[in-house]
Every structure is written in structure tokens, then in C-alpha cells.
Amino acid sequence: SLIFIALILAAHFLLLLFAGSIPSHRSLFLFFFAVLVMLPGYISVTILFPRARIYFKLFLSLLLGSAHFFVFLIIFALFDLDIFYISMIIPISAAALSLYRSYGSFVGFDIPEGQPLSRPVLIIMTAIFILISVLTLVVGDPVLYTADSPDNIAYIRTVSRSHEVFPSQFIYKDGGMLTRDIRRGLLHAMWGTVNTATSRVDVFEVWPFLPWIGSIFVLLGIFCLGVQLFRSQAIGISAVILYLLFYQGGLAGHQLIINAYSFFFAKTYLFAFFTFVPLYLSTRRREFLFMAVVSSFAAVSSHVSYILILPFRAFVFSAVEWFGATSESTKSRLARTLPALFGCIVLANLPYLLLRYLRDYNPANEIHTHVQGMLFLTDRLAIVNPILFFQRTGYLKGAAIFAVFILWKISRDDRNLRSMLTLVADSYTHLRAH
């Protein structure tokens, strides 16, 4: 209700004013994350998809809340503004969204979904949530010097200290091109802004919340993708369990911790992209195109490498639809659909990419230009290192490759399954012929 939103926003401005005298850094960080990211996202979801299931609303809340935040960060980067003021502007925009939801005439869109969570799935999801909380908040990140955690913590701390979207000085006193790294995207700036609202600079104390949040939403994204593509909660929850047990070494590894890193955190947006692209290709509904484009924007803004990954994945989905079409009318419809999809993806990401290209594309620091994870066959020809690749994906990759051969014939009548199998087969081919 409007009264509830008003109370939350009043509390936000009071805490923002007196944050420096409040002892609990962690509580403040969680509260400001909820208000600055999740609240605008949730209100947006209830406007666009008011009849969606609650688990789907939570999943999309992070997506829309992050994209909303990233838009302000781009504007502040362009005009070199103090990011602290985003903590004041976003609640106002959330209030405007809430007023529109209450008094606007827009009735929202429907999205095809499964049934409400069954009791067994709800119990398993709760147990997984508790397990994730223990592993990320209690056991925590060992912060090994060989990992990326110290570097990420230090960079977010620099954002909080400098109040800049992209700090002009980091690692080196002189800054400049020695500092700039195009891989560091707006996700770092978002965490730095949330931390700035707490009137603190230190990040280490709140760092455990990042892998916790990242893990919850990555797994929720896997579940929602399984439910959406295959109309089965059993498939969705099985995918979550397989991810936990086998990906990146399973529970013996640190696959939950690395979900704090921007590339892995952005898999949440990748799974949203995988959800909405097939929906758009099969229905041509503009709301699904919008969500696919927003997903691409959030992913690319988090880690620039997704500008290569997402269009290629969209091409795979499109190719499966095209070759699976049984009539000329279907192919004609796809011919009109695909330019809109790829054109909107490019246009939505162009401002951010131009900003980073003009500002940060030519780093002079070998730390940022060193090639990693490649096996060089000649001085110029290289492929992804197969050993490192399979160490990361574990048994899941081998099982997925066998599934391509086992399920291919069955997938003839299930385009979504064939799309997933094609992505698996393509990743293996890409590995060998990169």
C-alpha cells in the first residue's frame, strides 16, 4: 500500500541522515539494498506483471531494480556527479512508481507460468536457502590471495571512498589508464553506492552479503528458467540441486562465493534473458522483447563480456526457431521478429558501451590485459583451455554433452529443450574452434 511505501521511504531518509551514528553497518547495508534496488524493482514488476507468481516477482525484482539503478549510474558517470545523491533520487522514483501503480489505468501483462510452489519444492527451496545462508554468511569467504575477492572488495571500497561511478584512482597513485579496466562495470558501482549510503567506506564487513545475495538470485534464476521453459517445478529444483552439487567443484569449492563477482552475479540477468527470448520469439509480444532487452542491459552493464555472449545465445535460439519452422508464414514472422530483437539489444547497450570505449578501452596495465584461460596452439591461434573449462563445469558438462545425443530426437517436438541442447553442443564446439 501507499502508506507502507511512505513509511519505508521515511525510514530510509531518516537512516540516511543519521547513518553515521548508527553502529550496525550490516543492517544498514541490507536495508539500503532493499530500498534502493529491490523496492523499485518489485514495484516495477507488480506494474508490468501483477499476476505473476511470487517467486517470479522476486527474481525479476532484482533484474528491474538493478537496471533502474544502472540508468542513474550511467547519467552520473557522464556528468561526473557524486553517487551519494542516487540514494536520494531512487526513493523518489520508487514513490512515483508506487503512485502510478495505485492510480494508473495500466492493468499489466500476463506471463505463462506454472502452478504455485508445491509443498515438497517449497521445503527443498527453504532448506537450500538455509544452506546458502550458512555457507556464505557463517562459513564465509576465505578471501584467499589467489582469488578475486580482495580485488573486488578494494575496488568497491574505492567507489565508496571516491563517490565516483568509475574511480579515477585505484591501485596506482597516478591513476589514469593504469587504473582503468573495462571489465569493472556498474555492479561494482551499485554496491559502492549502497555502501556509501551507510556513511562507511569499509566493505569487508558487508562483503558476505554479496555472495549471499548473488547465490540466492542465481539459484532462483535457474529455478524460474526451468519452470518457464519446461513447465516443471521438478526440473527447476533438480537444476538448482545439480548446480549446488557439481558446478565449480560443488560444495567443496567456492561456487557460491564467486557469485559475488560481477560476471557470475550477472548470470541472474543471463537466465532472465534465456527466459524471455524464447517467449518473444514464439509470441512476438512487446513486453517480452522489453524484458529480454532489459536483461541484456543489466548483464552487459555488470560485465562487458556479455555483449558477445548474449547476441550469440539469441542467435542460437533464433536458429532453432527458424529451422524448426514448418511453414513459410512462421519463417516470415521470424524474419520480422529477429531484427527487432537484435536491434533493440544493440541500441539499449550502446550508450554504456560507448562510454566505456571512449573512457576505458585502452588500458596500459598488464594486469588488465593479460590473457587468461587460453591454450595457445600457435603464436596467434588459441582455444579455451579444455582442462580449466571442465574443471569449472565439472561432471555437469560431460552429462550435458551426452544428453545432446540422448535427447536430440525427443526434442523434436520441444523447441525449448532443443534450444538448450543446441547451446550445450555449441559451447563444446566453440571450445574446440575458438
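**Entry: helix H9.** I began at the N-terminal end of H9, which Ser232 caps: a side-chain oxygen of Ser232 lies 3.3 Å from the backbone nitrogen of Ala234. A polar contact here is a pair of N or O atoms within 3.5 Å; within protein, one must be able to donate a hydrogen and the other to accept it, and residues adjacent in sequence count only if both atoms are side-chain atoms. Helices (H or I, at least four residues) and strands (E, at least two) are DSSP runs, numbered from the N terminus.

Before going on, I noted the ground rules. This is a predicted model, in which local features need pLDDT of at least 70 and side-chain atom pairs count only at pLDDT 80 or more, while totals for chains, interfaces and linings use all residues. Residues are numbered from 1 along each chain as its sequence is written, and side-chain values use heavy atoms, with hydrogens and water left out.

H9 covers residues 233-246, 14 residues in total, and reaches 20 Å from its first C-alpha to its last, close to the 20 Å expected at 1.5 Å a residue. That expected span is 1.5 Å times one less than the number of residues. I then asked which residues of H9 are buried. They are Gln233, Gly236, Ile237, Val240, Tyr243 and Leu244. Buried means under 20% relative accessible area, exposed over 50%, and partly exposed in between (1.4 Å probe, protein chains only). Down the axis of H9, the buried residues fall within an arc of 115 degrees, so they line one face of the helix. The arc is taken over the directions from the helix axis to the C-beta atoms.

**Entry: positive phi.** Gln248, which follows H9, has a positive phi near 55 degrees. Arg231 is in the loop between H8 and H9, with a positive phi of about 55 degrees although it is not a glycine. Arg231 counts as partly exposed because its relative accessibility is 46%. Arg284, in the loop between helix H11 (267-283) and helix H12 (286-302), has a positive phi near 60 degrees. Arg284 is partly exposed too, at 36% relative accessibility.

**Entry: helix H6.** H6 (residues 149-162) also has 14 residues and reaches 20 Å from first C-alpha to last, close to the expected 20 Å. Its buried residues are Ser149, Asn152, Ile153, Tyr155, Ile156, Thr158, Val159 and Ser160. What do they pack against? I found helix H7 (186-197) and H8. His163 follows H6 and has a positive phi near 60 degrees.

**Entry: Ser215.** Ser215 sits in helix H8 and is buried, with a relative accessible area of 0%. Leaving aside neighbours within four places in sequence, Ser215 is in contact (heavy atoms within 4.5 Å) with Ile132, Thr136, Leu256 and Asn259.

**Entry: salt bridges.** How many salt bridges does the whole structure have? My search found seven, each a side-chain nitrogen of Lys or Arg within 4 Å of a carboxyl oxygen of Asp or Glu. Asp110 and Arg51 form one of them, at 2.5 Å, N to O. This pair links distant parts of the chain, 59 residues apart: Asp110 is in the loop between helix H4 (86-103) and helix H5 (119-139), and Arg51 in the loop between helix H2 (25-48) and helix H3 (54-78). Asp110 is partly exposed at 45% relative accessibility, and Arg51 is partly exposed at 48%.

Asp151, Asp181, Arg183 and Arg184 are linked in a network of salt bridges. In the bridge of Asp181 with Arg183, the closest N and O atoms are 2.8 Å apart; in that of Asp181 with Arg184, they are 3.8 Å apart. Asp181 and Arg184 are both buried, whereas Arg183 is partly exposed at 30% relative accessibility.

**Entry: cores.** A nonpolar core is a set of buried Ala, Val, Leu, Ile, Met, Phe, Trp, Tyr and Cys residues joined through side-chain atoms within 4.5 Å. The largest one has 114 residues, and Leu73, Trp191, Tyr269 and Phe276 have the most contacts inside it. Helix H8 (residues 209-230) gives the largest share of this core, 15 residues. I also noted a second, separate core of eight residues, including Ile8, Val35, Ile43 and Ile47.
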